[in-house]
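Please open the model in a viewer and keep the selection panel at hand. The stops below say what to select next and what is found there.

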Amino acid sequence: MWRSVAIEFSLALVWYNVNKLGMILLKISRILKELRKENEYSQQDVADFLNISRSTYGKYETGDREPSLEMLCKLADFYKVTTDYLLGREE
């Protein structure tokens, strides 16, 4: 009995963490797209600065791919914002 409770708890914890990560990715993707449009850059402009393909950058904006810590730092430098701003932790 305790084993099945532990398994159910573990599955619930995994689901919670996956869901939380998904929400963070959606927030980052929305912020990246807003910043790009506000600054009148194309996806290719940003991708060229990051030295990645346009399709990879596009996946950051759709939430299909998570930017690495290195990319988040480069993006923060590019847009002259903090990484906390990119993560949605400050206005």
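Select glutamate 40 first, in the loop between α1 and α2. Helices here are DSSP runs of H or I with at least four residues, strands are E runs of at least two, and both are numbered from the N terminus. Glutamate 40 is a residue other than glycine, yet its phi is positive, near 55 degrees. Its relative accessible area is 72%, so glutamate 40 is exposed; the term means over 50%, while buried means under 20% and partly exposed lies in between (1.4 Å probe, protein chains only). Most residues other than glycine have a negative phi.

The model is a predicted one, in which local features need pLDDT of at least 70 and side-chain atom pairs count only at pLDDT 80 or more, whereas totals for chains, interfaces and linings use all residues. Residues are numbered from 1 along each chain as its sequence is written, and side-chain values use heavy atoms, with hydrogens and water left out.

Two further stops concern positive phi. Select lysine 80, in the loop between α4 and α5 (83–86). Lysine 80 is not a glycine, but its phi is positive at about 60 degrees, and with 73% relative accessibility this lysine counts as exposed. Then select asparagine 51, which follows α2 and has a positive phi near 60 degrees.

Next, colour by secondary structure: the protein has 5 helices and 0 strands, in the order α-α-α-α-α from the N terminus.

Now display helix α2 (residues 43–50) with helix α3 (residues 54–62), whose axes come within 8 Å and cross at roughly 110 degrees. Axes are lines fitted to C-alpha atoms, for helices over the stretch in contact, and angles between N-to-C directions run from 0 to 180 degrees. The two helices are therefore roughly perpendicular, a label for angles of 65 to 115 degrees. On the α2 side, the contact (heavy atoms within 4.5 Å) is made by Gln43, Gln44, Val46, Ala47 and Leu50, and on the α3 side by Arg54, Tyr57, Gly58 and Glu61.

Which residues of α2 are buried? Select Gln43, Val46, Ala47 and Leu50 to see them. They lie on the same side of α2, because they cover an arc of only 100 degrees around the axis, taken from the directions from the helix axis to the C-beta atoms.

Move to tyrosine 60 in helix α3, which is buried at a relative accessible area of 5%. Not counting residues up to four places away in sequence, tyrosine 60 touches Ser29, Leu32, Ile52, Arg65, Glu66, Pro67 and Met71.

Beyond its neighbours within four places in sequence, leucine 32 is in contact with Tyr57, Tyr60, Glu61, Leu75, Tyr79 and Leu86.

Finally, select Leu32, Tyr57, Leu75, Tyr79 and Leu86, which touch the most other members of the largest nonpolar core, a group of 17 residues. Such a core is a set of buried Ala, Val, Leu, Ile, Met, Phe, Trp, Tyr and Cys residues joined through side-chain atoms within 4.5 Å. The elements giving two or more residues to this core are α1 (2–38), α2, α3 and α4 (69–79), and α4 supplies the largest share, 6 residues.

Key:
Parallel < 35°, antiparallel > 145°, perpendicular 65-115°, else oblique.
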